[in-house]
Amino acid sequence: MINILISLLLGFLIGYKKILSEKMILLNTKLQTVFLLLLIFVMGMSIGMDKTIFTQLPTLGGTAFIFAVAVCIGSVVVVYVISRIFFREDKK
């Protein structure tokens, strides 16, 4: 866990200090996409190898759908409230 926190802090400091050149930022963007796709692929493999997932798929699917809808509604509500608080215009 400490390795993750150190990596996150180091990345934050490099980004904050703007140490990377424009070319490195473009490379970073491409690497983020590649590694994100690799992570999703490996997670899919892990799920596919777990035989109990297939027996629980109907229950998991319904729960996942409800969770996804709740997260979407919650996100919209939070963005609406924050935008009303911070971006309101004074009408004269």
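**Entry 1: the nonpolar patch**

I began with the surface and found a nonpolar patch of about 1,100 Å², made by Leu20, Met24, Ile25, Leu27, Leu31, Val34, Phe35, Leu38, Phe41, Val42, Met45 and Met49. Patch members have over 30% relative accessible area and no salt bridge; nonpolar side chains (Val, Leu, Ile, Met, Phe, Trp, Tyr) are joined within 5 Å, like charges within 9 Å. A salt bridge here is a side-chain nitrogen of Lys or Arg within 4 Å of a carboxyl oxygen of Asp or Glu. Areas come from the Shrake-Rupley method with a 1.4 Å probe, and for residues only the protein chains shown count as cover.

I then picked out Val34, which sits in helix 2 (residues 22-49). Val34 is partly exposed, at a relative accessible area of 49%. For my own reference, buried is under 20%, exposed is over 50%, and partly exposed is in between.

**Entry 2: what I am looking at**

This is a predicted model, in which local features need pLDDT of at least 70 and side-chain atom pairs pLDDT 80 or more, while totals for chains, interfaces and linings use all residues. Residues are numbered from 1 along each chain as its sequence is written, and side-chain values use heavy atoms, with hydrogens and water left out.

**Entry 3: the whole chain**

I looked up the secondary structure and got four helices and zero strands, running α-α-α-α from the N terminus. Helices (H or I, at least four residues) and strands (E, at least two) are DSSP runs.

Next I checked the radius of gyration, which is 20 Å, whereas a compact globule of 92 residues would have one near 12 Å. That radius is taken over C-alpha atoms, and the globule rule is 2.2 Å times the number of residues to the power 0.38. The C-alpha atoms fill a box of roughly 60 × 45 × 25 Å along the principal axes.

How much of the protein counts as buried? I found 0% of the 92 residues. The protein exposes about 9,000 Å², with 75% supplied by carbon and sulfur atoms.

**Entry 4: helix 1 and its end**

The 16 residues of helix 1 (residues 2-17) should span 22 Å, and the end C-alpha atoms are 22 Å apart, which agrees. The expected span is 1.5 Å times one less than the number of residues. The count of buried residues in helix 1 is zero.

I searched the whole structure for aromatic pairs and found one. Phe12 and Tyr16 are stacked, 5.9 Å centre to centre with 15° between the planes. Ring centres must lie within 6.5 Å; planes under 30 degrees apart are stacked, over 60 edge-to-face, the rest tilted. Both residues lie in helix 1, four residues apart, about one turn, and both are exposed.

Lys18 is exposed, at 69% relative accessible area.

Definitions and conventions:
Buried means under 20% relative accessible area, exposed over 50%, partly exposed in between (1.4 Å probe, protein chains only). Rings of Phe, Tyr and Trp (its six-membered ring) pair if their centres lie within 6.5 Å; planes under 30 degrees apart count as stacked, over 60 as edge-to-face and the rest as tilted.
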